[in-house]
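This report describes the architecture of a single protein chain. Please examine the sequence and the model before reading on.

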Amino acid sequence: MLASMLGQAAVNGSGPAERPPWKQRKALVCATDEQRERISLLLSQGGYQVLMAGDTRQAVEHMRENKLDVVLLDPQFDALEQGSAFVVREVNVLRPAQRRRLFFVLLSPTLRTMDAHGAFLNNVNAIVNLKELDDLVQILEHAVRGFNDLYRDFNQALKLAAI
């Protein structure tokens, strides 16, 4: 079915809708108080529309009410209420079609940035070490470009824009 849809798209000359340059990616930052402002500032300077979650309730509400492109999660987010576990649960219960449209990033003080094996083990799309936050936007652009390349044919068949 996918092959026939791709063939039909090639014949019709229709491909995936490109992301309009004026449409900002919407990112949710679920991080500790010390990191939240810094990450939000970096992302907004990098052209992202940023939503910040101060606690677990806000994070879950933002995830349910907004069509997010990127979620950044620090494992220490709202530690008293186990906020990290609730955010991970919200991502894990997404239908596959919704999950493919979300880029999930783990912010870690110990794991290596862009470690594909570590990302797989943590059920995320990418890892960014907290020591490399100054390069966050460039790391995200590289990682999202790879993600979009991976799903290019799939998105083309479904006529979906890249995230």
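Which residues of helix α4 (residues 83-92) are buried? They are G83, S84, V87, E90 and V91, where buried means under 20% relative accessible area, exposed over 50% and partly exposed in between, with a 1.4 Å probe and protein chains only.

## Basis of the model

The model is predicted: local features need pLDDT of at least 70, side-chain atom pairs count only at pLDDT 80 or more, and totals for chains, interfaces and linings use all residues. Residues are numbered from 1 along each chain as its sequence is written, and side-chain values use heavy atoms, with hydrogens and water left out.

## Overall organisation

The chain contains eight helices and five strands. Helices (H or I, at least four residues) and strands (E, at least two) are DSSP runs, numbered from the N terminus. In order from the N terminus, the elements read α-β-α-β-α-β-α-α-β-α-β-α-α.

Of the 163 residues in the chain, 42% are buried. Among contacts with a separation of 6 or more, 57% are between residues 24 or more positions apart; a contact means heavy atoms within 4.5 Å.

## The paired strands

Strand β1 (26-30) is mostly covered, with five of its five residues buried. K26, L28 and C30 point one way from β1, while A27 and V29 point the other way. Side chains in a regular strand alternate between the two faces of the sheet. Strand β3 (70-73) is likewise covered on both faces: V70 and L72 are buried on one side, V71 and L73 on the other.

Two strands pair if DSSP finds at least two bridges between them. β1 pairs with β2 (residues 49-52) in the parallel sense over four bridges, and L28 stands opposite L51 in β2. β1 is also joined to β3 by four bridges, again in parallel, with C30 opposite L73.

## Helices α3 and α4

The buried residues of α4 fall within an arc of 125° when seen down the helix axis, so they line one face of the helix. The arc is that of the directions from the helix axis to the C-beta atoms. The elements covering these buried residues include β1, α3 (56-65), β3, α5 (96-99) and β4 (103-108).

N92 also lies in α4, and counts as partly exposed because its relative accessibility is 43%. The C-alpha atoms of N92 and N123 are separated by 8.6 Å, although these residues are 31 residues apart along the chain.

In α3, the buried residues are T56, A59, V60, H62 and M63. Seen down the axis of α3, they fall within an arc of 160°, so they line one face of the helix. This buried set packs against β1, β2 and α4. R64 and E65, on the other side of α3, are exposed.

The structure holds one cavity of 30 Å³ or more. On a 1 Å grid over the protein atoms alone, a cavity is a set of points where a 1.4 Å probe fits but cannot get out, and its lining residues have an atom within 4 Å of a point. Grid points are joined across faces, edges and corners, and a volume is the space filled by probe spheres set on the points.

The largest cavity has a volume of about 40 Å³. Its lining is formed by R100, R101, F147, N148, Y151, N155 and I163. By class, this lining has three nonpolar, two polar and two charged residues; Ala, Val, Leu, Ile, Met, Phe, Trp, Tyr, Cys and Pro count as nonpolar, Asp, Glu, Lys and Arg as charged, and the others, Gly among them, as polar.

Key: On a 1 Å grid over the protein atoms alone, a cavity is a set of points where a 1.4 Å probe fits but cannot get out, and a pocket is an open set with protein on both sides within 12 Å along at least five of seven lines; lining residues have an atom within 4 Å of a point.
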